[in-house]
Amino acid sequence: MGQLETLTTSVCIIGSGPAAHTAAVYAARAELRPILLEGWLANGIAAGGQLTTTTDVENFPGFPDGIMGAELTDKFRAQSKRFGTRIFSETVEDVDFSQRPVKVKTDSHQVEANTLIIATGAVAKRLAFKGTGETIGFWNKGISACAVCDGAAPMFRKVPLAVIGGGDSAMEEALFLTRYGSKVYIIHRRDEFRASKIMQKRALDNPKIEVLYSHSILEAYGNEKGRLAGLKVQDLKSNDIKDLQVNGLFFAIGHEPASKFLKGQLKSDADGYILTTPGSTKTSIDGVYAAGDVQDKKFRQAITAAGTGCMAALEAEHFLQEHGLQQDKAEPTTAENEALPDNGYALL
């Protein structure tokens, strides 16, 4: 690899979803000229993150008729660019926190930043079996990894549904789906759940939930409309195979935060989620902030990610002001050359 081109900035943002772009909009409107590294198929997902794998998004404010996930992320990106964010489609390979400015390296650039916002998200874990693919399978055509995001969609109403998993998330998603589906199956490969006793009781006491212990899914199949119509499931004790007619399948087997590239330099929990100060996006290193799903293992929603992106940008600016690290203010970049408030912020 040849010598890297060096770029400098007051704020560097790593990520490409709602947390990253909200941080970018706030930082750019504060005239901090942020650099955003959106990745190139980072974690196997296109820039924009998990929203790019979703079809209709109906729970993000401002879109009463819903919006396609990929279209929404395109709007995020366009808004960031409008206010002067410099975006590079490069994946971060290494971060050096040993001195300030922090050094962030891709295969083409070294970004030297006085503050860093990490908004790399988390990837939903999936099981691979016939029919789960995005091209020839039923992903987004009845198969999802987020019941709260997708479960209220018309295609999942008054029809049988299934959840695969055995932890608290699986119980929560199954209970949520009982509001919409006619019946909900919980499919678990073991003969007991690992979920908390109280969550197990809530699920088992619900008359719309049926549990298939010691079962695995062999195949998902579709109907004439190309949507999920059912599953072939196998009893792992008897090896019997049966047909389970469902129109929705939701993976609830956990998420993996995209934090491995940090190589343990920030304090994280046992699952790799970056730890932040309660009520803040501050990490274990001054001037470094974490926003979105990379630090949120509970809510994992686009709107909550956007909120923490806003928090991170505000905290980064305050840090820069307190330490006298702000670079020269940028010239306004909008076509209208509109005036900004004194503090550089405006409502999104």
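I will start with one residue. Thr 281 sits in the loop that links β18 (255-257) to β19 (288-290). Strands here are DSSP runs of E with at least two residues, helices are runs of H or I with at least four, and both are numbered from the N terminus.

Before going on, a word on the source. This is a predicted model, in which local features need pLDDT of at least 70, side-chain atom pairs count only at pLDDT 80 or more, and totals for chains, interfaces and linings use all residues. Residues are numbered from 1 along each chain as its sequence is written, and side-chain values use heavy atoms, with hydrogens and water left out.

Is Thr 281 buried or exposed? Its relative accessibility is 1%, so Thr 281 counts as buried. Buried means under 20% relative accessible area, exposed means over 50%, and partly exposed is in between, with a 1.4 Å probe and protein chains only. What does Thr 281 touch, apart from neighbours within four places in sequence? Its contacts include Val 288, Tyr 289 and Ala 290, as well as Thr 308, Met 311 and Glu 315. A contact means heavy atoms within 4.5 Å. Thr 308 is 27 residues from Thr 281 along the chain, and their C-alpha atoms are 6.9 Å apart.

Next, the sheet. Five strands form an open sheet in the order β10-β17-β11-β12-β13, with parallel pairing. Its edge strands, β10 (143-144) and β13 (209-212), each pair on one side only. Two strands pair if DSSP finds at least two bridges between them.

Look at β12, residues 183-187. Four of its five residues are buried, so β12 is largely enclosed by the rest of the structure. On one side, β12 pairs in parallel with β11 (residues 160-164) over five bridges, and Leu 161 has Val 184 of β12 as its bridge partner. β12 also runs parallel to β13, joined by four bridges. There, Ile 187 stands opposite Leu 212 of β13.

Finally, the whole chain. How many helices and strands does the protein chain have? There are six helices and 19 strands. The radius of gyration is 22 Å, close to the 20 Å from the globule rule for 348 residues, so the chain is as compact as a globular protein of that length. That radius is taken over C-alpha atoms, and the rule is 2.2 Å times the number of residues to the power 0.38. Buried residues make up 51% of the 348.
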